[in-house]
Protein chains: 2
Amino acid sequence: MKKKNIVTCFLEHNHKILILKGSEKVSTYQGRWAGVSGYIEGDEDSDKRALKEITVETGLSEKDLIFVRKGIPLTIKNGEFQRIVHPYLFRIENPELIKIEREHIEIKWIDYAELSKYQTVPGLKKAFFRVYLSLEIEKRLDEIKNDRGHRADFLSMLAVETLKYAAKISEKNTFDDFFEEIRSVGWHLIDIRPGTASISFVVSEILYKFFNERKKRDRKKFSKESFIKFVEEYIELEKNSLNSLTEFASRVVKDNSKWLTHSYSSTVIEVIKKLKDRNIEIYATESRPLFEGRKTAEILSDYVKVTIITDAKAGYIAKEVDGIIVGADSILQDGSLVNKMGTSLIALAAKEARVPFYTICNTRKFYLKSEYSKIEPEEKDSNEVYEIGDRKVSVKNTYFDITPSFYISGIITEKGIFSASDISKEIKIKEKYLSIFK
Amino acid sequence: MKKKNIVTCFLEHNHKILILKGSEKVSTYQGRWAGVSGYIEGDEDSDKRALKEITVETGLSEKDLIFVRKGIPLTIKNGEFQRIVHPYLFRIENPELIKIEREHIEIKWIDYAELSKYQTVPGLKKAFFRVYLSLEIEKRLDEIKNDRGHRADFLSMLAVETLKYAAKISEKNTFDDFFEEIRSVGWHLIDIRPGTASISFVVSEILYKFFNERKKRDRKKFSKESFIKFVEEYIELEKNSLNSLTEFASRVVKDNSKWLTHSYSSTVIEVIKKLKDRNIEIYATESRPLFEGRKTAEILSDYVKVTIITDAKAGYIAKEVDGIIVGADSILQDGSLVNKMGTSLIALAAKEARVPFYTICNTRKFYLKSEYSKIEPEEKDSNEVYEIGDRKVSVKNTYFDITPSFYISGIITEKGIFSASDISKEIKIKEKYLSIFK
């Protein structure tokens, strides 16, 4: 089978999309309507190819193009040929800037609902709906994308709610059409926050379990209500995961023990709250620059004895506690921990003081290598650390560091206390779920 | 030779001192005037004995007594007996509270200048002048004692200036009298800040070198001016020690190197300033709770490239620098380092990152074990870390931690780069100087 990768770009302006006829490039389908398309050469990046095709074809420059999203690649078979179409959606502000110089190319701005009326290249409509989202869904995605106040747990539940909402407003009646639509929403939910692994985990798990595992038996008696019910059950199960986490945590957090925690972790807080009858004592680092450790201390002070310390004192206190317990922003494939800046230093202090260092989190926080590589190390506002003013002083303010797995005594999850080697097994499960997008 | 330790306490009120006659206790000298005196039993603490004697003898309670100071013990030989007198001075507000019940004891309030007129126990006058200080000297000592704004370097130079001043106002004409007076001032200078090792170092060094080493040759042609000149030369030499420090530091701080420093150290700052042509880059921890690292950064920014980081980020940055360089509050006999809270954690991070960790300080910062044991670990104001308000949260805020010697690559001093084993040699020199008080 011969494979070709191709980009197909839809330009949108004022709720209309641009289609073109007669491109010489995609020589197979001359005379048919298409998006701005072109072959991806070798291992070229599809994003770059998309931009290149548009600028060459339309005379627009990159600054005229607003990238909206890209969709799930679409495979189109034609005998022994296989074309993998990478659909893109761009918005443009000034359609009058488009200059099609080759005379035999015809262009049209059409309503997307009219796409069926045109004789298009194969799969054009399907490709379009892989980048199209209704305004309601788009709005919800934007909320998740721009959310800076909530943690991953919350955001992934928002994503699940969005899947449920997409099902509710869906007008698709067959399993295949519904799957195509919901899966596309799932894809975009993952794509808007590629660095938030828990979103990709829950979204792909739901899609995989409903559409793949259930496919055989439920295909015929499928209804969108059954999907909605499935999602609701999933949400209930998620809520229970805290109990499992607490159960496993209770195996290490013994009666009358003292623990040091760093920064703010809602999971650590909820677990400690549930273990309040154990007469535990907590030391909380203040966690500069934003002092979120104070929030930890304030919340916990209603349940256990809490003492706030400066971050620099963590090494000193490590010698006085029974162990260290922190949350997790993410757990990487090799079992290392991404968490608030300073975590790795505290883990080192724990090792030195010979006290155990635990991280506690849902397995949703487990990251594929490919996912983690998408996280850009954010350089945060320097004013959080120091107001530079007109001084010649610089500031470095990044929020996360990586704690190597050999500093970690155990990763307490809702499924058990994991060692680094257990992580790759869990990651494989996640990879299986993500195969739903292939 | 039989030895007896004895306390002799002078009570002062309104510039007069109390003397007593006929105490049965000190049976050797019945009928002679004395202070409130009594034998120290076994290994009893002399301070406790002093309080006990006064309360038993005068009917005063401890709260009526204001401890002023204690002086250099005085050895009085009498044939084969040796009495070691520990002189104390207390101030009292209400002399009318004194109740001497045993009738054969006579008491008198006298001006200290009249002491010679009385037939006293041997050495009473000498003992008194070991606790007496003129108002001018007392004022200077109080300033040093209550100073919270200055560092040890500055305070020890204040102490040296006070020695010089004491010499200037001295009316003693012989070597022995002058030595007795100046040495007593030196003793009290050390005693007011027992935790500031540099004061004991410089004071004892000056006294030892002038009065002990020079004794033989200079005894006859002694003048107080020669002492003043000696002190002035000493001050000049001290000023030069920064050049020596810089010279040794320059052996490790190479061109184009990056260094992490913690908190604020005037020595580190002065050395870096002098090495500014080396194109050094400095990372400075902000140093919570009082952010003195900002001061470090602000000062250094006129000389080198400086970046401020949170304390928690020190472990992360340790991997990116060529080494770590910090000041020292003190260096202990075993080569360990007392410095701003967090230093030991950063040293641990340095070890982990396999970069060298240096502390840089004058040898004046070297502490005898006995001196260090006198430092009370201060629990600082919790509000510096967190304003508790009516919350049930506690705060721990101590300023210093101890970095074990095996984390320290070298102790850069004005005499060279020392290892832990070199420290005890230096401490022995200091012990020799301190023998001037024996």
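This dialogue is about how to read the interface between two chains in a predicted model.

Biologist: Which conventions apply before we look at the contact between chain B and chain A?

Modeller: Residues are numbered from 1 along each chain as its sequence is written, and chains are lettered from A in the order in which they are written. The model is predicted, with local features needing pLDDT of at least 70, side-chain atom pairs counting only at pLDDT 80 or more and totals for chains, interfaces and linings using all residues, while side-chain values use heavy atoms, without hydrogens and water.

Biologist: How many residues of chain B are in contact with chain A, and what area do the chains bury?

Modeller: The size of an interface is often given as the accessible area lost when the parts come together. Here that loss (1.4 Å probe, summed over both parts) is about 3700 Å², with 59% of it on carbon and sulfur atoms, and 42 residues of chain B are in contact (heavy atoms within 4.5 Å) with 42 residues of chain A.

Biologist: How many salt bridges are there between chain B and chain A?

Modeller: A salt bridge needs a side-chain nitrogen of Lys or Arg within 4 Å of a carboxyl oxygen of Asp or Glu; the count between chain B and chain A is 8, among them the pair D302(A) and K392(B), at 3.1 Å from N to O.

Biologist: Which strand of chain A is joined to β11(B)?

Modeller: Strands are DSSP runs of E, at least two residues long, and two of them pair if DSSP finds at least two bridges between them. Strand β16 of chain A (residues 393–395) runs parallel to β11(B), with 3 bridges joining them, and S394(A) has T307(B) as its bridge partner.

Note on methods
Buried area is the accessible area (1.4 Å probe) that two parts lose on being put together, summed over both. Helices (H or I, at least four residues) and strands (E, at least two) are DSSP runs, numbered from the N terminus.
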